[in-house]
Amino acid sequence: MKLRKQVTVCGGAIFCVAVFSLYLMLDRVQHDPARRQNGGNFPRSQISVLQNRIEQLEQLLEENHQIISHIKDSVMELTDTGAVSPSGHLPFRSANGSWVLPFDRRPTYLAIKSQDCQFASVSRDQTDVQMLDVYSLLKFDNPDGGVWKQGFDITYEANEWDNEPLQVFVIPHSHNDPGWIKTFDKYFTDQTQHILNNMVVKLAEDPRRKFIWSEISYLSKWWETAEPQKQEAMRKLILEGQLEIVTGGWVMTDEANAHYFAMIDQLIEGHQWLERNIGVTPRSGWAVDPFGHSATMPYLLKKSNLTSMLIQRIHYSIKKHFSSTRNLEFMWRQAWDTGSSTDIFCHMMPFYSYDVPHTCGPDPKICCQFDFKRLPGGRINCPWKVPPKPIVEANVAERAQLLLDQYRKKSKLYRSKVLLVPLGDDFRYDKSLEWDQQYINYQKLFDYMNSHPELHVQAQFGTLTDYFNALYKTTGVAAGSRPADFPVLSGDFFAYADREDHYWTGYYTSRPFYKSLDRVIESHLRGAEILYSLAVATARHEGMEGRYPVTDYSLLVDARRAVGLFQHHDAITGTAKENVVIDYGNKYLVVFNPIEQERLCLVKVLVNTVRVRVLTEDGQTLPVQLSAQWGSATQMSAEATFMARLPPLGLAVFHLYDSADSPMTLRSDTLLRLSSRSVTARASDPLPVHSQLADPQSFYISSQFLTLGFSGSTGLIKRKDDSKEVKVQIQFMVYGTSPSKDKSGAYLFLPDGKPKPYNQKEPPVVRVVEGPLFSEVVAHYQHFEQTIRIHNVPGVDGLSIDISTMVDIRDQSNKELSMRLSTDIKSDDIFYTDLNGFQIQPRRFYQKLPVQGNFYPISSQAYIQDSRHRLTLHTAQALGVTSFESGQLEVIMDRRLMQDDNRGLGQGLKDNKRTENRFRLLLERRSFGNKVSSSGTSRLISHMTSAILNHEVLPLPVVPKRRGIPPLKTFAPLMSKFPCDFHLLNLRSIQNKQDGLTPSPYTALLLHRLALDCSIEAQNLGFNCTTTQGQLNVSSLFKNLDLQLLQPVSLTLMYSSTPLANHSTISLDPMEISAFKLKLR
């Protein structure tokens, strides 16, 4: 709970500090009497700007035909609706009953170069192993494998190592969860600090001892209070290779629920801490505890200049298959890679767990005898009833032979004669005694093995990179390169099952409240980073650096680390934000647009009066829709909604004040469809509500762009009986839990079969709201309230259906609620899910798998498609999804489970909260003649829909300044537009290496170029959109700022390339994420 509060407070506080600090600085710049404009000069930077403008003009001329075509379409939209306002400027209803808005109906164009549309259709070399093919091949049965229960009997010939001895690297480690059963601070106090304190003493006793460490969040906390001599001892151990920092992230991130922004951000935070305090760069990745592995993680590690990685929690049937084919080590390649540039060497552990009984070889009964913490007299023992024995001269030969037999059997599963053997478990080595027990006894075994050449083995302690270096040397390749005959793999490793039908697919949805909160705070953190970087750079540009409060940087650091902790594989559990009622006597509203494209959208604020008028900065009155904010199905207060065009990454200013009735302020029409005359609505006169008895007849809401039909009985979207339209129906389903001994819990999903339709005795109360800016239908059920809203806005915001489902199952026992979309799209058994919001992975429903084995994680979207249509469900929070039948998508909304699932947590899921799950449903029509792409690539409209859902505009009320000071003005930081297939992942102020709590003069620019599928029909995005074949001129990007350094760097900023000329154009390939170090003034 402490962590959750910390994340919430830091996320909100830093955003507000950044926004208002930015305005404070801008006001000083604008009204500083000492400020003077330079004149008479024509500096080089302006020449480059002019050159860039000329290039853009040339591009526009080339695209003239396409632009004119889109302008023509926009004009046709206006004429088709008969949109001629009787008053000339007021919203009005057209002949078909939909509202027409004359506001801001400027034509827009979409100019995507044909070269930027080839990604989805380009042919790619087939990898040796494709995970979707592996799933199709395997039976997923579970025969008894003998001592290796989930595997098979392993045999070898005694002379196999005569010509090339077996090299064994035993890697001591301690897995420290930053919060699980205990809090982060409690774990540190009770165990982690003792592990690290013992480490600096015990490793120094013998240079042959090695150890690896992963979690920088703990190392940072230890470092803060460690004496200088301990810090120096730690630094010496690392630099001399006895201690290796593996991965080096702030945490060992979850790979199913985490968004790629947060995965990168926590990796940067860890690496930047290491660079400043120790001067070390991680080379190898270590991920033994995430519950399944995403293909996104190897890409991020590769872009961070790591050369190798290790993974562990993978379906036992896949491990067995990879073991039998000796494919446990492979080059992991991105499915969208046309060459081998994304390849990274990956080692998969073959057995059940990363603990000692399951790492030395296939027989846990024997391996447990070599976990010397379990010596008789200790607190833990071996479940197989055969304890370890201290190694003495009398037994060392027998014990060494027994252990070597396991080493040899394990090595038969790999292609080289170099073997990796982890030695550790959760929070191990917290007692000085265990360091002695493990290191002394193992050293005796190593000494015996190494002194007997007839055994043909060389055994030693090692780090992870020691192992990988030995393997590369043995196979004769450079670090990170592909050894001969080693396979290339593409795909991911979801879903994970550790035994029987125990699939870890429940945690995709567990505690959705916190999963939602996490995503909101990530968006706020990113926004704060961008605004802070621009504010500091602008202050430097104006010579006001000393007057800007750079000490606010420490708040950013705190927020980064709090969000980073949240990405831990036992921690990411979500978010929601509170609405605040604002007294609009006379206030400004500053609205922040956190996306890099211009945005035409609705802005919604709660108000305490219906006498609201909204003006733009230049005094233009905007149309306002007044509607009710409902506290329950029949109780309400007021809400004001207006449409705004916001600059990219900018802040727009609006004036809200109490005013007499204005013809531009329109009240919503609200109808309550009631099941009984005994239910009445309590509403105030300014916002009248009508009611009627519900009937089973369908009813409709519409905008200029969409028409939706609803069931008169359920209030939910129903199929339309129109052969020209896609039929879509929403249902809610309920899962129970297995009647057997093993039941669903926080990690496992063990349902009692397929779900049953949700039913309640009383019909729902259904509220229908219609107005000029939006219309919505809200269905109130006992355990959920679903709002279906359509926006009457040109562009992205008006082309998809806004779905919000407020779920409350706190009175349920062992139930899981899901939302099912059923359509007539002929998707067969194929559906698509995203991985971490970064890429799309094709999935297939398998009848051979249990229900729970067909669920997959989504962070941002899932879709189904056929030759005519694609239907995408965009999500604002991580959840679990499947497709049971052709044309279906189903997401789990919340889970309430009364028991532990025996995976260590020790409790069920009983802390449910009333949780809002937010979605956008987007239907796209495929262009005639275009083939269905199976590569998993989104259309631009889909990318933008995901962006507006996950990066909502943020309204901030501002009290008017005292007299004599000019009002705030719109802040538009971009001088030139981002190409619309570029995403600004972050603009992150880099830490000062001296103290880490103030910003350096440098900023990290992180860019992601989106891959586009152009086989879907183009639609009006509401803003001017062009692509540039991946080209971007950074020097002309930011207004009123000079670019003094442009230097390509690795993803986590630790490796730098030669700086580019400041006026250089950078280039990104589709899907590529790149980082650059900038100096802006």
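These legends walk you through several close-up views of a predicted model.

**View 1. A four-stranded open sheet.**
Start with the sheet, where 4 strands line up in the order E44-E45-E50-E48 with antiparallel pairing. Strand E44 (982-991) and strand E48 (1043-1049) sit at the edges, each pairing on one side only. From one strand to the next, the twist averages 25 degrees. Strands of a sheet pair through backbone hydrogen bonds, either parallel or antiparallel. Between E44 and strand E45 (residues 999-1009), the antiparallel pairing runs over 8 bridges; to find one of the paired positions, look for histidine 983, whose bridge partner in E45 is histidine 1008.

**View 2. Helices that meet the sheet.**
Helix H8 (residues 260-277) packs on the sheet and touches E44, E45 and strand E50 (1073-1080). The direction of H8 makes about 25 degrees with that of E44. Helix H16 (residues 553-566) lies across E44 and E45, and runs at about 120 degrees to E44.

**View 3. Serine 989 in strand E44.**
Here we zoom in on serine 989, a residue of strand E44. Its relative accessibility is 3%, so serine 989 counts as buried. The side chain of serine 989 makes a polar contact of 3.0 Å with the side chain of serine 533. Not counting residues up to four places away in sequence, serine 989 also touches others, including Tyr553, Arg560 and Tyr1002.

**View 4. The largest nonpolar core.**
This core has 130 residues, and Phe322, Trp332 and Phe493 are those with the most contacts inside it. Helix H15 (residues 512-541) gives the most to the core, with 10 residues. Take phenylalanine 322 as your guide: leaving aside neighbours within four places in sequence, its contacts include Val129, Met131, Leu489 and Phe493. A second, separate core of 61 residues includes Cys367, Leu419, Tyr439 and Met449.

Threonine 359 lies in the loop between strand E11 (344-348) and helix H11 (364-367), and counts as buried because its relative accessibility is 1%. Cysteine 360 counts as buried at 3% relative accessibility, and cysteine 367 counts as buried at 0%.

**View 5. Disulfides that link separate parts of the chain.**
The whole structure holds 4 disulfides. One joins cysteine 117 to cysteine 1014 (S to S 2.1 Å), linking distant parts of the chain that are 897 residues apart. With -70 degrees about the S-S bond, this link is left-handed. Cysteine 1014 counts as partly exposed, at 21% relative accessibility. Another disulfide is formed by cysteine 980 and cysteine 1025, with sulfur atoms 1.8 Å apart. The torsion there is about 65 degrees, so the disulfide of cysteine 980 and cysteine 1025 is right-handed. Cysteine 980 lies in the loop between strand E43 (954-958) and E44, and cysteine 1025 in strand E46, so the pair ties together parts 45 residues apart in sequence. Both cysteine 980 and cysteine 1025 are buried.

How values were computed. Residues numbered from 1 in each chain as written. Predicted model: local features only at pLDDT ≥ 70, side-chain atom pairs only at ≥ 80, totals over all residues. Heavy atoms only, no water. Pairing = 2+ DSSP bridges. Helix = DSSP H or I, 4+ residues; strand = E, 2+ residues; numbered from the N terminus. Axes fitted to C-alpha atoms, helices over the stretch in contact; angles between N-to-C directions. Contact = heavy atoms within 4.5 Å. Core = buried A, V, L, I, M, F, W, Y, C linked by side-chain atoms within 4.5 Å. Buried < 20%, exposed > 50% of the residue type's maximum accessible area, 1.4 Å probe, protein only. Polar contact = N/O pair within 3.5 Å; in protein donor to acceptor, adjacent residues only side chain to side chain. Disulfide = S-S within 2.5 Å.
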